[in-house]
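Visitor: Please show me the model. I would like to ask about its pockets.

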Amino acid sequence: AVLNKIFIHEPFEDGGCLLRKPKKNPMGKVYKIKEEKKVKRVLSDEQVEIIRCGCRHVRDRAIVEILVATGMRISELVGLDVGDIDINLKRCIIYGKGRKERPAFFTPRAIVHLKTYLEWRRSLPDTSEALFINFRKSNGVYGRVCTCTIRKMLKEIVVNDPRLEGLNLHPHMFRAYLATYMAR
């Protein structure tokens, strides 16, 4: 009965650390320690060319060219459908974070490799509406490629070429490369 009275009323100021309600924020005077911001490593033009040459399939080359040309996120690339691409206008509609739509424009090099990929893709029966598809069927249909497949493909390119040794290649590096290229 005594305990119920304690918790019903306001906590005691002098009743120990669990029962005392602090009047001020104890972390109010503690300031964040400033950390050095390191410059992120950006792909060089030579490295991008080596990556392009290291692609083993027309699908892989089209993926790399689109990442280089548009700088889109990997989730945006995986979410592309064939209907989102307009070859004549050399652009596509990207559905980004927060369901935002925006156009992305292709370079002539990306258009050439995208057309080659689409010709190869039309030769396959039972494909889904996804732009980039897996090499194996799932439930009788070539399904949408997943992000892990693209990451694995990029890792294999790095492993197979000694000039890229030590490079931790991931899809977001193409965004930084495009931003640096546009700034130049």
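**Contacts and pockets**

Guide: Residues 24 or more positions apart make up 48% of the chain's contacts (heavy atoms within 4.5 Å) that have a separation of 6 or more. This is a predicted model, where local features need pLDDT of at least 70, side-chain atom pairs count only at pLDDT 80 or more, and totals for chains, interfaces and linings use all residues. Residues are numbered from 1 along each chain as its sequence is written, and side-chain values use heavy atoms, with hydrogens and water left out.

Visitor: How many helices and strands does the chain have?

Guide: Helices (H or I, at least four residues) and strands (E, at least two) are DSSP runs, numbered from the N terminus. The pattern along the sequence is α-α-α-α-β-β-β-α-β-β-α-α. The count is 7 helices and 5 strands.

Visitor: What share of the 184 residues is buried?

Guide: Buried means under 20% relative accessible area (1.4 Å probe, protein chains only). By that cut-off, the share in this chain is 34%.

Visitor: Which element supplies the largest share of the lining of the largest pocket?

Guide: Helix H3 (58–70), strand S4 (133–138) and helix H6 (147–160) each give at least two residues to that lining. The lining holds 4 nonpolar, 4 polar and 6 charged residues. The largest share, 6 residues, comes from H6.

Visitor: Which helices each supply at least two residues of the lining of the second largest pocket?

Guide: This pocket is lined by 13 residues, and among those nearest its centre are Arg 52, Val 68 and Tyr 177. The helices asked for are H2 (45–53), H3 and H7 (172–183).

Key:
Buried means under 20% relative accessible area, exposed over 50%, partly exposed in between (1.4 Å probe, protein chains only). Ala, Val, Leu, Ile, Met, Phe, Trp, Tyr, Cys and Pro count as nonpolar, Asp, Glu, Lys and Arg as charged, and the others, Gly among them, as polar. On a 1 Å grid over the protein atoms alone, a cavity is a set of points where a 1.4 Å probe fits but cannot get out, and a pocket is an open set with protein on both sides within 12 Å along at least five of seven lines; lining residues have an atom within 4 Å of a point.
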